[in-house]
Amino acid sequence: MFERMSTNRAMFPIGEGIPGVQDIELENKMPCERVLLSSWEQRHCCTLPEDLKQFYFTSDGYRLIWNYEYAGEVLPIGNMRINSISELRRLAGLKSSGDADCPNLLDIEICNQSSSSKMPRPNFGVKCKIFELDPCQGIGKVCLVYLDKCENESDLRREDPKIWLLDRCFEWHFLANDFLQYFRTMLVHMGLPQWQFRFTPMGLTPWAEVDVLSLETKELETLGTWTLVMWLACGVHGINQIKEGELSLNVYQ
């Protein structure tokens, strides 16, 4: 799959020939050297998942942006990004301050922990390793998360990381079981504004919904009715029910 990124816009589900879509910019990225990946793994004492390694062997990061012209105004709509290996930096790794007057993020998180969650969640402690994949233009952070390892589990053999969204209220929202699933979902949503927040209880902000709903019905059909309707209507449960093959088919049509 990732080899197709080398063919310019082959990974982009729409093109400049569609009315209104313009200024498609795909940054050219060179493959990441193996020594850089090995150095990253040694420095952080964890192994990158195989799908993310294959991505970096093809391209050291990914960024594609596109605009849409509507009613004489050019709107910056699409933004798809994956950080390069040098930008894959660790977040948090804190120790409790023990000071009730000056708590840190970990102290606040411990106080706000909910026992109702069935899925283990990321935390800002030293045992949980969190790395930023996408800064989301300042509205949150998409993160590669290695959850706390078991006592008898080494750092290099801990459970494969998952993809989570950290919002600006420091709440965690699960996005995908692995990097490939997240990458496919990003392509299907075409980098539309705040698309990751469709998988959270808060949903999209009103202006983000207006941006897409302002597109004319005819142009919606041209862009791909299936993709945009899914983006507007489905939640995390809906997307998880879509088979991997169906996602792949729609991405490359």
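In the predicted model, the count of disulfides comes to zero. Cys46 takes part in no disulfide, the nearest cysteine sulfur being that of Cys45 at 7.5 Å, whereas a pair of cysteine sulfur atoms would have to lie within 2.5 Å to qualify. Cys46 has a relative accessibility of 0% and is therefore counted as buried. For Cys136, the closest cysteine sulfur belongs to Cys143 and lies 8.2 Å away, which is too far for a bond. Cys136 is likewise assigned as buried, because its relative accessibility is 6%.

Two packed helices are described by the angle between their axes and by the distance between those axes. Helix 1, spanning residues 34-44, packs with helix 2, spanning residues 50-58, at an angle of about 140°, and the two axes are 10 Å apart; the two helices are therefore oblique to each other, since angles have to be over 145 degrees to count as roughly antiparallel. The crossing of helix 1 and helix 2 is right-handed, and in this pairing Arg34, Leu37 and Glu41 of helix 1 meet Lys53, Tyr56 and Phe57 of helix 2.

Helix 4, which comprises residues 179-188, is mostly covered, with eight of its ten residues buried. The buried residues are Phe179, Tyr182, Phe183, Arg184, Thr185, Met186, Leu187 and Val188. At the N-terminal end, helix 4 is capped by Asp178, a side-chain oxygen of which lies 3.3 Å from the backbone nitrogen of Leu180, while just after the helix Met190 adopts a positive phi of about 60°.

Notes: Residues are numbered from 1 along each chain as its sequence is written. This is a predicted model: local features need pLDDT of at least 70, side-chain atom pairs count only at pLDDT 80 or more; totals for chains, interfaces and linings use all residues. Side-chain values use heavy atoms; hydrogens and water are left out. Buried means under 20% relative accessible area, exposed over 50%, partly exposed in between (1.4 Å probe, protein chains only). Helices (H or I, at least four residues) and strands (E, at least two) are DSSP runs, numbered from the N terminus. A polar contact is a pair of N or O atoms within 3.5 Å; within protein, one must be able to donate a hydrogen and the other to accept it, and residues adjacent in sequence count only if both atoms are side-chain atoms. Axes are lines fitted to C-alpha atoms, for helices over the stretch in contact, and angles run from 0 to 180 degrees between N-to-C directions. Angles under 35 degrees count as roughly parallel, over 145 as roughly antiparallel, 65 to 115 as roughly perpendicular and the rest as oblique. A crossing is left-handed if the near helix is turned anticlockwise from the far one by less than a right angle, and right-handed if clockwise. Contact means heavy atoms within 4.5 Å.
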